[in-house]
Every structure is written in structure tokens, then in C-alpha cells.
Amino acid sequence: MFYRASLQAAAALASLTLLAGCGLLPGGGSDVDQKLAVGTTSEPSTLDPAAAWDGSWELMRNVFQTLVSFPTGSTTPEPDAADNCRFTDNTSTAYRCQLRKGLKFSNGDKLDAEAVKYSIDRITEIGVKGGPVGMLGSLDRVETKGDDIVIFHLSKPDATFPFILATPAMSLVAPSAYSKHKIRTDGKVTGSGPYLLDAYKQGDRSELVKNPDYKGFADRKNDAVTIRYFKKSSDLVPALKKGEIDATYRGLSAEDVVGLEDNKDKDSDLQIVESVGADIRFLVFNPEDPAAGNPAVRRAIAQLVDRDALVAKVYQGTAEPLYSMVPKGIAAHTTSFFDTFGNPSAAKAKKILTDAGITKPVSMTFWFTTDRYGSSTAPEFDELKRQLESSGLFRITLKSRPWKTFQEGFTKGEYPVFGRGWFPDFPDPDNFIAPFVGKDSVTGRPYVKDEITKQLLPQSRKQSNRGAVGKEFERAQKILVDDVRLLPLWQGKLYVAAGEDIGGGERALDPQTVMQMWELYRKASW
């Protein structure tokens, strides 16, 4: 949903051009069609920022503004709708922003301090379960002074608050178009971002056109973008090869990436851009389920899962094993799960179960979503099932649903065990611990752990120097290992595939790994 050490790693993009495009010049001339089409399997679950703490941010970043944001390569939040922002005290409890002059929403309404206050207040007022209200735990109240000053008063020190304001969840909306008491569901958007949502067809596409009244940091290199939503990853690359789309992001399968990198198809005229990823995949155990609620069962599963085999068989080098909820490349990363469980061992897992009085195979149902994380998700769960059942200790049934109904199910506590992904709001260890604990965990299952929520997180948030919070987060990771309520599996790399005539792919992913559509452009040819 950007402290120096971690951000530099997350923002470093390495471009690999598979088929060199000769006869192409950078930048688009006036005679070049700058209307592009981008494909993805990550369809928004909502168009209302007050309900969004998921891949819906992809669209929102492009049609809404936030007070501060993260341009590609930035190391700290930079002004967007704001002209400037800063903490006004030494305790990180009062954050003041002054707005740019002349801002307005797409319906003509003025974007002033009251509109900012309204936008943030409605997130807490509506309080969508599993939504971005969970990010505002430190916010006490929002104050306005005149038309252009907004002051966020925090109930406790929180050096991460500017980074939260930079997430698309904190997008600014027109008060006249958004109720303060319910989510907007008419399929329309009233924002002030780089693009206007000209048309939206659920499950099919979003049509974006340049917003003529936009005032912000985005330098738009194209005139319009159609985002097409695909149900299956297997349809993305064929659509790219046929010229039906110009680029794709989120949803490429491991086979697609490996095939493009190996340059097996000499006639494809495609390129792929690779970036360092901080996205993670993990299992969530429901403590209310008889089996998943048993710590011995969870520990036995943790003892059996072979991440190396999972990554090798299913992801073919496009991901790497993860032994902590805080991924490699982020400050305070550890290998806590490996340190505790070591290599996979059926004998050790059996002892864990028998010591707890469990002598028969444990029957469990694992759930996953069919259309959020790409076509490799089903093979991933097939491999997990194979690993657990080959031990003779488990009998696993696999079930799946499309994301929207899958999300409804886990927020209601319907699944014993389910797979989740997490794309970071910002690359700081706080963002890989805090969202998963407390009453409003994004997993949909409360995970009350006072030592983390009342001691470790508050202590760490007093530190504006994020390199000095290692001790607190190392302890938090150890607690997560002891409980095994969450089981990290792997962290990925991010890829943009595009036609050879498309530029800007190396700049299109911001430090939150959200696609900035305005960076893409069609190159002029000789």
C-alpha cells in the first residue's frame, strides 16, 4: 500500500532488453500516437480509496492525488497535492501540510484543506474491515487552518506517518461526490490525479485520459492509457505479441518471464524490465479453526514446507525463499523461520505432532485466490499439498475463489488456512509487521500481540532514523515465528514486459511497486 537504505534497494531498477530495438528514438514526437494499452491480472476490487488496501492502488495512483507521494527514485515522500509538509515538533506527533494553489477535482470542486480533512476522516468514519483504516492507528484528529493548511495531530509518535500519507489509500476525494458514511459503488471516480477515469467496465478495462487541470509532480509522457484486465496470466503475453496491449505488469507467470529472458521466441520483438521486489507470499492460519488453531499443527507445517523446492519447481528463479515476514532488502530482515526450524524434516514434524497427542493424519483445507497473484498460484498450492501429504502427516484439500469473493471469505473467517500476498505500502520493516497484528489485521483475523503493538512498534516509531530500529523488529520477527500464525513462503521479483517500441518501463514502478502509467511512452522511429 523509503528510508534510505531500504529504499535504494527497492527503487533500483535493472533493465534487460531482450531484443534490441534499432531505429527507435527515445521520447515520442508530435506525430507519434501516445495512446497506450497496459494489461494486468490485478483488477481493482474497489474504486473507492476508503475501502482499498490491495491491488486497487494500481488504478488509484493514476487517477487520484495524495498530499505527498513517491516519484521514481525518491528517498522520502515528496509534495504532490501539497506544496510542502513537515513535522512541527520534535516528537513526531504533529504533521503540517500546505496545499498547492489552484487545485480542483475533476467535477470542478475546489480541493482545499476541508476536502483533505474530509477525505481522511471518511476512512476512519466508514472503517471498512481489512481496509486502510488500519493504517491510521496513530491519527488522533485532523485540523484545518484557512483554505490551504492541514495539520495531522497524532496520538503517539509516528515517524512513518508521512509514508502512510503517500499511499494511494490516502487519496483525496471530492466531498460532494463521496458520502462520509458509505463506500461509493457507481463505478466512477472524482479525483484530481494525472488522469481522469473516462470509462470503467468491471472485469474488462479502465480508460484513462489526461486530466487537463492536474497540478502535481507527474510528468505525463502519454496522452491516454487503457488498462485491460485479464483473468488468466496465460493470455497476457499472447495479447502483447499480437499488439493488443503495449505492456503488461502483474500477472506474468514464471514461464513467461523465463521464456522472455531466454529469448526463445526470436520473432516476439519484446523486452522485459526487471526490478528488485519486496512483494511476499505467505500462509495465514485461522486460530478459530480446530486444526489451524492448534500451535502444534502450525509448527509441524512450518517444519515440513520446502521453500527451495517450491521456488525451483513453480517459480523457476523468478522468486526466492523467504524465512521471515520482513523480506530481504528491507532493514532488519532476518531468517527467523530457518533459524528455528532448519531444513524440512518429516521426522521432526511427526515428533511435534505426537508430542501434542496427534497420531493420525491431520485433515485441512487450504484456500487460494484464482485471479490476484498470477497463474502460478494454483501450481504453488499443488506443490504445498504434495509436500505436506508426502510426509504422511496431513491430508490437504485445495479450494479457490476469485479475489473478490475470496477476500469476503477470509474477512469473515471462513477459511482454516489461506494464501495471501503483500505488496508493500512502503519498504520499511514496520510495513511488514504492523499490518498483520492487532484487532484490524489485514488478514481479516485479529492477531492481538501486546508486546508487538504496545511496546515494539511504539518504540520503533519514535525513531526518525529507520536504520536504528533493528532490535525492535528482530524481536517482532521472533514472536511471529513462535506463534506461526503467519508462514512466509517466498519473495518475488517484479517484471514489466513491453513491445520494443515502448519506453519508460524502467521508471514505471514507483518505490511502492505501483505502476505509474504516465512514465510509459511510444518511441519515435527514424
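Helix α12 (residues 403–411) has as its buried residues W403, F406, G409, F410 and T411; here, buried means under 20% relative accessible area, exposed means over 50%, and partly exposed lies in between (1.4 Å probe, protein chains only). Helices (H or I, at least four residues) and strands (E, at least two) are DSSP runs, numbered from the N terminus. The cover over the buried residues of α12 includes β17 (362–369), β18 (394–401) and β19 (417–422). Just after α12, G413 adopts a positive phi of about 75°.

The model is predicted, so local features need pLDDT of at least 70 and side-chain atom pairs count only at pLDDT 80 or more, while totals for chains, interfaces and linings use all residues. Residues are numbered from 1 along each chain as its sequence is written, and side-chain values use heavy atoms, with hydrogens and water left out.

The pLDDT, the predictor's confidence in each residue from 0 to 100, averages 89 over the chain, and 92% of the residues score at least 70. Over residues 1–24, by contrast, the pLDDT is below 50, although this stretch still has 77 contacts in the model beyond near neighbours in sequence; a contact means heavy atoms within 4.5 Å.

Turning to charged pairs, side chains of opposite charge can pair when their charged atoms come close. The structure holds 30 salt bridges, each defined as a side-chain nitrogen of Lys or Arg within 4 Å of a carboxyl oxygen of Asp or Glu. One of them joins the side chains of D223 and K210, at 3.7 Å from N to O. This pair links distant parts of the chain, 13 residues apart: K210 belongs to strand β11 (205–210), and D223 sits in the loop between β11 and β12 (224–229). D223 is partly exposed at 37% relative accessibility, and K210 is likewise partly exposed, at 33%.

Another salt bridge pairs E383 with K313, whose closest N and O atoms are 3.8 Å apart. Because E383 lies in helix α11 (residues 377–390) and K313 in helix α8 (residues 307–315), the pair ties together parts that are 70 residues apart in sequence. E383 is buried, with a relative accessible area of 7%.

Within helix α13 (residues 450–460), D450 and K454 are four residues apart and therefore separated by about one helical turn. Their salt bridge has its closest N and O atoms 3.8 Å apart. D450 is partly exposed at 40% relative accessibility, whereas K454 is exposed at 60%. Finally, a network of salt bridges links D219, K221, R507 and E519.
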